[in-house]
Amino acid sequence: MSIKKSILKPKEMAALFKLKLGGKKIVGQHKNDNLKNNESLIFCYDTLDKVSRSFAAVIRQLPEEISDVVCIFYLILRGLDSVEDDMDLSNEAKILLLREFYAKNFEEGWSLTNVGDKQEYRDLLANYDKVIDAFLVLDEKYQKIITEICKKMGDGMADFVESKITSIEDYNLYCHYVAGLVGIGLSELFAASEIESRELKTKEVLANSMGLFLQKTNIVRDYKEDLDENRIFWPEEVWTLYGPTFESFSLNHEKPESLSCLNHMVNDALSHATDCLDYLKLLRNERAFRFCAIPQVMAIATLAEVYNNKKVFTENVKIRKGLTAKLILNSGSIEEVVKIYKKMAASIEGKIPDGLLNSPRTREIVENINNYCDLALSESYKPHEIA
Ligand code: MG
């Protein structure tokens, strides 16, 4: 199976993040006085800017101790994902690399040439020795968490190299490997750094849902792009209910069956929404909160845009830049985020078509989100700590 999608590659946001989160961190200010280590860290932040400007902004605004850790965690997973996405590698070589990748983080001087489907990913892997240097000076507690997540993700990706996403169970499992594990790893890193409570690392189901919500939103939105590149992430068990081939939805985008299929997929993604709010409620640090909340509000706004929208089958549907800016500026507290969820649920409710197959289920889900939000808004929360 050809695999490219990743929550590590968001398409929106980019420059807008700087608007709010700008404060550029100068790596030299770190307490690290070892020149080689400093150079490695500078390479890591430079590469982070190149491979994802939007994540670079949210990562840089994290409290200092954890921002370096998350930057390196991000680059390691990005490296792993670049191996997964390279379609020129043989399956055999890819599977081996994916399974062993976690161990490479301990091999000083290791790098990989000519792997990666874009220049910036090839550059990351060709200079991977610098990521390793930066990783090896991290506190051991962080190294352990990153290694464990990297191993699980590599094994999971390897399992899917030669198999496709058939059942809903496969879909949830694949999304767990490539996205849920990111959420779980971040929770563990936040807990280990003590910027968040120790309890956070026990909330694996909620952390997994955070990743699944983002990953599934991308998978639904990118129908057309993935079709054009011969990739199918929608589970066969779902789309075969509505059409003979995956392409048939694009050819018959006006047909109710196509919209029913799309709405089925949106319903599935939306079923994670309240878990995400449950998770966000647990966060106490304002910077960690923004880091987690911004991608989540972008996801629910994207689902509101793609729901029952036949354009998904023929073009790349995006949320408006102005809305993106507004969402970023209004994601600083749980109350604000809950209000955005409530608004997006109402927007979806207003688009529910009469008489379509999955409309009753959508109605049920948005009512559930709405009730959750009303209850959440009646509770009171402690203000965030500013790190
Ligand atoms: Mg991938």
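**A colleague's note on this predicted model**

1. Let's start inside a helix: glutamine 215 is found in helix α10 (helices are DSSP runs of H or I with at least four residues, strands are runs of E with at least two, and both are numbered from the N terminus). Glutamine 215 is buried, with a relative accessible area of 0% (buried means under 20% relative accessible area, exposed over 50%, and partly exposed in between, with a 1.4 Å probe and protein chains only). From C-alpha to C-alpha, glutamine 215 is 8.2 Å from valine 178 in space, while 37 residues separate the two in sequence.

2. A word on reading the values: this is a predicted model in which local features need pLDDT of at least 70 and side-chain atom pairs count only at pLDDT 80 or more, while totals for chains, interfaces and linings use all residues. Residues are numbered from 1 along each chain as its sequence is written, and side-chain values use heavy atoms, with hydrogens and water left out.

3. Now for the rings. Searching the whole structure gives 17 aromatic pairs (rings of Phe, Tyr and Trp, the last by its six-membered ring, pair if their centres lie within 6.5 Å; planes under 30 degrees apart count as stacked, over 60 as edge-to-face and the rest as tilted). Phenylalanine 213 and tyrosine 341 are stacked, because their planes are at 25° and their ring centres lie 6.4 Å apart. This pair links distant parts of the chain, with phenylalanine 213 in helix α10 (residues 204-221) and tyrosine 341 in helix α18 (residues 334-349), 128 residues apart. Both phenylalanine 213 and tyrosine 341 are buried.

4. How are the rings of tryptophan 234 and phenylalanine 246 arranged? Their planes are at 75° and their centres 5.6 Å apart, so this pair is edge-to-face. Tryptophan 234 is in the loop between α11 (223-228) and α12 (236-239), and phenylalanine 246 is in the loop between α12 and α13 (248-251), 12 residues apart. Tryptophan 234 and phenylalanine 246 are buried. They also belong to one aromatic cluster, together with Tyr223, Trp239, Phe249 and Phe313.

5. Charges meet rings too. Arginine 78 lies over the face of tyrosine 121, 4.8 Å from the ring centre (a charge sits over a ring if NZ of Lys or CZ of Arg is within 6 Å of the ring centre and within 35 degrees of the ring normal). Likewise, the charged end of lysine 130 sits over the ring of phenylalanine 43, at 5.2 Å from its centre.

6. Which protein donors does the magnesium ion have? They are Asp81 (OD), Glu84 (OE) and Asp85 (OD), at 2.1 to 2.3 Å from the ion (donors are N, O and S atoms within 2.8 Å of the metal, or 3.2 Å for Na, K and Ca; water is not among the atoms, so sites may look incomplete). Along the chain, the donors follow the spacing D-x2-E-D. Glutamate 84 and aspartate 85 are buried.

7. Finally, look at two backbone spots. Most residues other than glycine have a negative phi. Glutamate 194 has a positive phi, near 65°, and its place is in the loop between α9 and α10. Glutamate 194 is exposed, with a relative accessible area of 56%. Asparagine 308 also has a positive phi, near 50°, and lies in the loop between α16 (286-306) and α17 (321-329).
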